[in-house]
Amino acid sequence: DEAEQCSSVAFMERGEIILTGTPKEIKDGLPGEVLEIDAQPLRQARQWLRNQEWIEEVEVYGELLQVTLRDVQRMKDKIGEGLEAGGVRVRGVRKIRPSMESAFVHLMKSRKGKLT
């Protein structure tokens, strides 16, 4: 939360600065848009979402899922329908602004293959 209030932030990995910018610049650099999904059972919902090729990322934040995808407007209903058809109870799906935490998770995942 503190990073959201800064005028400039830097992400570091192993003592090296790997990204700098304002919180807005960093979050605007994320691919796609983010949906927050409240669904139960959570593990089953996460697995279904991870199996969809059109979904970029799926992360658990407490008891909610955050899903990154390219076309939220077109796919939002498809997610709800697909989860319900798979036996998952969907309590809510809403578009949210990405957080600095989600930006950090995305950055680390994208760099995972580049670590030595």
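Me: Is R74 buried, partly exposed or exposed, and at what relative accessibility?

Reply: R74 counts as exposed, at 59% relative accessibility. The cut-offs are under 20% relative accessible area for buried, over 50% for exposed and partly exposed in between, using a 1.4 Å probe and protein chains only. A word on the basis: this is a predicted model, where local features need pLDDT of at least 70, side-chain atom pairs count only at pLDDT 80 or more, and totals for chains, interfaces and linings use all residues. Residues are numbered from 1 along each chain as its sequence is written, and side-chain values use heavy atoms, with hydrogens and water left out.

Me: Which residue does the side chain of R74 meet in a salt bridge?

Reply: Here is the general idea first. Side chains of opposite charge can pair when their charged atoms come close. The rule for a salt bridge asks for a side-chain nitrogen of Lys or Arg within 4 Å of a carboxyl oxygen of Asp or Glu. In this model the partner of R74 is D71, at 3.0 Å from N to O. D71 is partly exposed, with 29% relative accessibility.

Me: How many salt bridges does this rule give?

Reply: The count comes to 8 salt bridges. One of them joins K95 to E33, with the closest N and O atoms 2.4 Å apart. K95 belongs to strand β6 (residues 89–96) and E33 to strand β3 (residues 33–40), so this pair ties together parts 62 residues apart in sequence. Strands here are DSSP runs of E with at least two residues, helices are runs of H or I with at least four, and both are numbered from the N terminus. Both partners are partly exposed: K95 at 47% and E33 at 26%.

Me: What about R70: which residue is its salt-bridge partner?

Reply: That is E56, with 3.2 Å between the closest N and O atoms. R70 sits in the loop between β5 (64–69) and α3 (72–85), while E56 is in strand β4 (residues 55–61), so the pair links parts 14 residues apart in sequence. R70 is exposed at 54%, and E56 is partly exposed at 39%.

Me: How should I read an aromatic pair?

Reply: A pair of aromatic rings is described by the distance of the centres and the angle of the planes. Rings of Phe, Tyr and Trp (its six-membered ring) pair if their centres lie within 6.5 Å; planes under 30 degrees apart are stacked, over 60 edge-to-face, and the rest tilted. The count here is 1 aromatic pair. F11 and F104 form it edge-to-face, 5.4 Å centre to centre with 70° between the planes.
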